[in-house]
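Notebook open, model loaded. I want to look up some helix packing and a few side-chain contacts.

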Amino acid sequence: MDIALYILAALLILGGLAGSILPVLPGIPMVFGGIWLAAAVDGYRHLGLWWLLIIGAIGAIGVIVDFVASALGAKRVGASQRAIWGAAIGTVVGMFFGIPGLLFGPFVGALLGELSSGNSVLRATHVGVGTWLGLLFGTLLKLVLSFLMVGLFGVAMLFG
């Protein structure tokens, strides 16, 4: 039974790493769930309370980054409230169109939101690019934090 649970933990961690890039999966919660499952199966011998709290705090930062990244990108370039809402809606709608939708949904949503505010096409494009860059930066940061969580898990299992 332990082997099956370790395999499930590994699958959760691998799926979570994929989810750090693909917004369809809850990446960081899956990584943390896999780590916690492995620690529980191990009887918390190698990965105790403090390790789990540190890894969980890193995960919480990653989840927050996930929610605010594209909005911060839009805010940074001075986007209107409609553009920020457009980026959020574009992200949700984009999920249904695979990778191209995930890449272009926030951009198109912010662009349309900014255009509906009465701004020029050039200004709307600038806001769309800022939103897209925020999303890209957030995804990269989320991926780095996910690997940091897995790395700390590995250190704890080897030396804890």
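How are helix 2 and helix 6 oriented to each other, roughly parallel or roughly antiparallel? Before I answer, a reminder to myself that this is a predicted model.

Entry one, the helix pair. I looked up helix 2, residues 27–41, against helix 6, residues 121–159, and got an angle of about 5° with the axes 10 Å apart. Angles under 35 degrees count as roughly parallel, so helix 2 and helix 6 are roughly parallel to each other.

From helix 2 I have Ile28, Val31, Phe32, Ile35 and Ala38, and they meet Lys142, Ser146, Met149, Val150 and Phe153 of helix 6. Sorting the residues of that contact gave me eight nonpolar, one polar and one charged.

Entry two, aromatics. My search returned one aromatic pair. The partners are phenylalanine 32 and tryptophan 36, with 5.7 Å centre to centre and 55° between the planes, which goes down as tilted. Both sit in helix 2, four residues apart, so about one helical turn separates phenylalanine 32 from tryptophan 36. I checked accessibility too: phenylalanine 32 comes out at 21% relative accessibility and counts as partly exposed. Tryptophan 36, at 44%, also counts as partly exposed. Phe32 is also on my list for the contact with helix 6.

Skipping its neighbours within four places in sequence, I find leucine 152 in contact with Trp51, Ile54, Ile55 and Ile58. I also noted leucine 47: 105 residues from leucine 152 in sequence, yet 9.6 Å away in space, C-alpha to C-alpha.

Conventions:
Residues numbered from 1 in each chain as written. Predicted model: local features only at pLDDT ≥ 70, side-chain atom pairs only at ≥ 80, totals over all residues. Heavy atoms only, no water. Axes fitted to C-alpha atoms, helices over the stretch in contact; angles between N-to-C directions. Helix = DSSP H or I, 4+ residues; strand = E, 2+ residues; numbered from the N terminus. Parallel < 35°, antiparallel > 145°, perpendicular 65-115°, else oblique. Contact = heavy atoms within 4.5 Å. Nonpolar A, V, L, I, M, F, W, Y, C, P; charged D, E, K, R; others polar. Phe/Tyr/Trp six-rings, centres within 6.5 Å; stacked < 30°, edge-to-face > 60°. Buried < 20%, exposed > 50% of the residue type's maximum accessible area, 1.4 Å probe, protein only.
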